[in-house]
Amino acid sequence: MELEKKIIDVRKMANETGLDFSEQIVLLENKYQQALKDLYTHLTPIQRVNIARHPNRPTFLDHVFSITDKFVELHGDRAGYDDPAIVTGIGTIDGERYMFMGHQKGRNTKENIQRNFGMPTPHGYRKALRMMYYADHHGFPIITFIDTPGAYADLKSEELGQGEAIAHNLRTMFGLKVPIVSIVIGEGGSGGALAIGCANKLLMLENAVFYVASPEACAAILWKSAKASPKAAEKLKITGTELCKLQIADGIIPEPLGGAHADPSWTSQQIKIAVVEAMNELKKMDTQELLKHRMLKFRKIGGFQEGIPVDPKRKVNMKMKEEPPLGMISEAELESEVEKLKQKIVSAKESSTEVSDNGLDELIEKLKKEVDHEYSEAIKAMGLEKRMSTIREEFVKAKQQEQPLHPILMDKIDKLKKEFSEGLPGAPNYESLKSKLDMLNELSKVKNTEKVASQKEEINRKLKEVLERPDLKEKVEALNAEIEDSGATSPEDVDQGLMEKIINLKKEIHMEMANVLESFGLHVEAIKPTSSDISPQTSDSEFSAKLGNLNKEINKKIEEVVQSTDLKNMMEMLKMEIVNAGKAPDQSSKSKIDALQQQIKQRLFEAINSTEIRKKHEELTAEISEFVESSGGSNGSLKNSSGDESPKHEESRVGANVGGNGN
């Protein structure tokens, strides 16, 4: 607008002064055209809405008089009314007769009041309906022009059946046996536009818009402010480009830079070309094909896909699925769900297809909630609800203050547990609880089995990858070649150097496999050697390393026990008793302190005296003895440090650990 104003001012100055400003005018016009091009090639949806509403934009009658050779307007709905907001008539294009109908806006305020701003009443739609029947009877193809903010929504229109008139038009248009082409030349608002828009082809001018609600109305509903209309226009997908992607519109008719009002005649000719092309395509169809084409155009709108995960951001605004209240699901329903899930898993295994564990997880969660509810009901029935609530509050308070549980509170918890366990079989819902617990345990086993099978398959795949590694394959092949070259036919024939290479390669492969297992969170305790591996070449340092590993494992066990909640509570209680007893404890305090110390020592002793550690200790002792025997006792230092004295050494070390941690 600024450049346009400058051009006008320069031309005015040239006329007044008689001077030549042609170069300046040409430069300004070039700038104006470039600015116009930049603006109109990157229009936002709300800008297109404003262009579609431009007061100088060509109207229906402007286009009709421009594209037709002859046009005769037809009036009236044959019920005593003639709505000027909808204009209908017969016209010819290149000698072919067509029925034209469309919304008509005004150029100024007076015309707009006369035309009701292009918003039809029921009389307008009934007039259009009469012309549709007329065209269908005489075989005239129908061309409709859409340019309305929407149907007129005053009280009188509602009383006269606005909704019924629109619905009647929608139904009738799908049964018309002649081709129908609709062109959106401005704005197409809601049912008011659709009432003459159920066509075989829907074309849109480049800057036209087609919407279910105006951006201002949408913004007022969703964001409570008409100022959000730019955002609403973007979200509504109302432009020709977006509607073509959604397969609502079938084509876009280009407009000149600056909009249709910049060159109305050129725009009308583009409409004529598009209409003739569409009609030529539709005229090739017979009646049934034409009706099916129109029906399928609207049937394909709003396609959807099932099984697509919902975006979490969108899911927040979706209505939550209503689930039945806890305790209202019958055991029969739960059993049926469990049985269906088991059958699904079995059929998946038989067909060797992967099973998604989503259904399994959901059912396990549902059963957990049901079991928790049954426990709560049992507690209520046994009259323990109040005591449970009190103890829970005391427990939470102690945890929040990071204090050790008081012996009195621990005693209360133990008594409540015992009382609940003894009284549970007598609860009225015990059978229901037991049944749901059994189902939960069964599904948990299934889940664990599935998990283990999946992990086993993955481990085997990884181990296979290790064995097929090029570097290991190369080493194995080189070693096999060396064995063949040596001429050895049995292990006894292999010399000492080659045996060492075999053992070292075997250890390397074992270590690679152990690394794979540890990557899955599996702890490899030891790789048990075969008798052929235990040879005189086994060094003292290997047994020292094994002893070191055993010591580390014992220390780890002790650390785990020390860090456990039970032992921590015992230690805290011991501290409290020592503090309460003071410097001169009485006999009762001494007894409690001694008892707690004994319990702590007993826990530590149980940890280091576990079956697992004892077994490893025995295996290591046996391995050392076998080595000493096979080597003929030649290595005296090893025999003295790790042979006969080994158990005593281990006992003294374990004793030292117990004392250290106990204190």
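When I speak of a helix axis today, I mean a line fitted to the C-alpha atoms over the stretch in contact, and angles run from 0 to 180 degrees between N-to-C directions. With that in hand, hello everyone, and please keep in mind that what we have here is a predicted model.

Let me begin with the overall picture. The protein chain has 663 residues, and 36% of them count as buried. Its secondary structure comes to 28 helices and eight strands. If you take contacts between residues at least 6 apart in sequence, 73% of them join residues at least 24 apart.

Now to the pair of helices I wanted to show you. Helix 24 covers residues 565-581 and helix 25 covers residues 587-608; their axes come within 10 Å and cross at roughly 155 degrees. How do the two run relative to each other? Angles over 145 degrees count as roughly antiparallel, so helix 24 and helix 25 are roughly antiparallel to each other. Their crossing is left-handed. If you want to pick out the residues on screen, helix 24 contributes Asp566, Leu567, Met570, Met571, Met573, Leu574, Glu577, Ile578 and Ala581 to the contact. From helix 25 come Ser589, Lys592, Ile593, Leu596, Gln597, Gln599, Ile600, Arg603 and Leu604. Sorted by class, that contact has eleven nonpolar, three polar and four charged residues.

Here is a second pair to set beside it. Helix 10, residues 215-222, packs with helix 11, residues 229-236, at an angle of about 105 degrees, and the axes are 8 Å apart. The range from 65 to 115 degrees counts as roughly perpendicular, which means that helix 10 is roughly perpendicular to helix 11. On the helix 10 side, the contact is made by Pro215, Glu216, Cys218 and Ala219, and on the helix 11 side by Ser229, Ala232, Ala233 and Leu236. These residues divide into six nonpolar, one polar and one charged.

How many disulfides does a search of the whole structure find? The count is zero. As for individual cysteines, is Cys218 buried or exposed? Cys218 has a relative accessible area of 11%, and buried means under 20%, so Cys218 is buried. Cys198 is buried as well, with a relative accessible area of 2%.

Next, a quick stop at Thr172, which lies in helix 8, residues 162-173. Thr172 has a relative accessible area of 8% and is therefore buried. Leaving aside residues up to four places away in sequence, Thr172 touches Leu129 and Tyr133.

Finally, some backbone angles for those of you who like torsions. Phe117 has a phi near 55 degrees, a positive value in a residue other than glycine. Where is Phe117? You will find it in the loop between helix 5 (109-114) and helix 6 (122-138). Its relative accessibility is 41%, so Phe117 counts as partly exposed.

Lys237 also has a positive phi, near 55 degrees, and is likewise a residue other than glycine. Lys237 sits in the loop between helix 11 and helix 12 (240-245). With a relative accessibility of 36%, Lys237 counts as partly exposed.

Methods: Residues are numbered from 1 along each chain as its sequence is written. This is a predicted model: local features need pLDDT of at least 70, side-chain atom pairs count only at pLDDT 80 or more; totals for chains, interfaces and linings use all residues. Side-chain values use heavy atoms; hydrogens and water are left out. A disulfide is a pair of cysteine sulfur atoms within 2.5 Å. Buried means under 20% relative accessible area, exposed over 50%, partly exposed in between (1.4 Å probe, protein chains only). Helices (H or I, at least four residues) and strands (E, at least two) are DSSP runs, numbered from the N terminus. Angles under 35 degrees count as roughly parallel, over 145 as roughly antiparallel, 65 to 115 as roughly perpendicular and the rest as oblique. A crossing is left-handed if the near helix is turned anticlockwise from the far one by less than a right angle, and right-handed if clockwise. Contact means heavy atoms within 4.5 Å. Ala, Val, Leu, Ile, Met, Phe, Trp, Tyr, Cys and Pro count as nonpolar, Asp, Glu, Lys and Arg as charged, and the others, Gly among them, as polar.
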